[in-house]
Amino acid sequence: MGEEMKNSNTEDVTETLDNCVKYYTLEEITAHNTSKDTWLIIHDKVYDVSSFLEEHPGGEEVLLEQAGADATESFEDVGHSIDAREILLQYFIGELHMDDRGKNNSKEIYVSTSGESSSWTTWMIPAVAALIVGLVYRYYMLEHKSS
Ligand code: HEM
């Protein structure tokens, strides 16, 4: 009897721990993209904002535009207050699945690696170096010929 009690208690604890953070895949989140069922991803966290749409001071349209997708950039672009970030907590339902996290940031990575400055330097440095070597070589050759 005592042992049974122990087992069921342990199970309860495990269940509670498992239920602490629920992970959703991008595919699951994308399905919640209607005005009646609106989920958003902000900083890899998932929010069910269906009941907040009408209350949003910035209007429901902007939230619906991001429905079922990553709204981190637009949320931060607006420069939301600390109050807004506290409201956000009420709608937290889980986190984005680890496997889907990199996909959201791929845009940023793409921008930083394909920046104009980096493509410039990749060909400018060898080109300038080749030019200098060529000029020095010519200078020595001319010197050599005249002497
Ligand atoms: C569930 C997530 C969101 C919450 C809890 C939230 C909350 C709020 C709050 C409380 C305000 C009033 C101003 C402030 O306190 O900062 C606000 C304004 C605003 N929000 Fe959101 N917001 C959310 C998501 C978004 C998203 C994804 C956008 C996308 C564009 C957005 C766009 C705006 C705009 C344009 C304003 C008006 C700013 C102004 O008039 O100065 N919000 N939001």
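The ligand is surrounded by 17 residues, and the closest are Val49, His56, His80, Ser81 and Leu88. A residue counts as near a molecule if one of its heavy atoms lies within 4 Å of it. This is a predicted model, in which local features need pLDDT of at least 70 and side-chain atom pairs count only at pLDDT 80 or more, while totals for chains, interfaces and linings use all residues. Residues are numbered from 1 along each chain as its sequence is written, and side-chain values use heavy atoms, with hydrogens and water left out.

Look at the polar atoms around the ligand. A polar side-chain atom of His56 lies 2.8 Å from a nitrogen atom of the ligand. For His80, a side-chain N or O atom is 2.8 Å from a ligand nitrogen. Ser81 has a side-chain N or O atom 2.4 Å from an oxygen atom of the ligand. Helices H3 (60–65), H4 (72–78) and H5 (82–90) are the elements that each give two or more residues to the shell around the ligand. Helices here are DSSP runs (H or I, at least four residues), numbered from the N terminus.

What classes of residue make up the shell around the ligand? It has twelve nonpolar, five polar and no charged residues. Ala, Val, Leu, Ile, Met, Phe, Trp, Tyr, Cys and Pro count as nonpolar, Asp, Glu, Lys and Arg as charged, and the others, Gly among them, as polar.

Now turn to Arg101. Arg101 lies in helix H6 (residues 101–113). Arg101 has a relative accessible area of 18%, so it counts as buried (under 20%, 1.4 Å probe, protein chains only).

Definitions and conventions:
A polar contact is a pair of N or O atoms within 3.5 Å; within protein, one must be able to donate a hydrogen and the other to accept it, and residues adjacent in sequence count only if both atoms are side-chain atoms. Buried means under 20% relative accessible area, exposed over 50%, partly exposed in between (1.4 Å probe, protein chains only).
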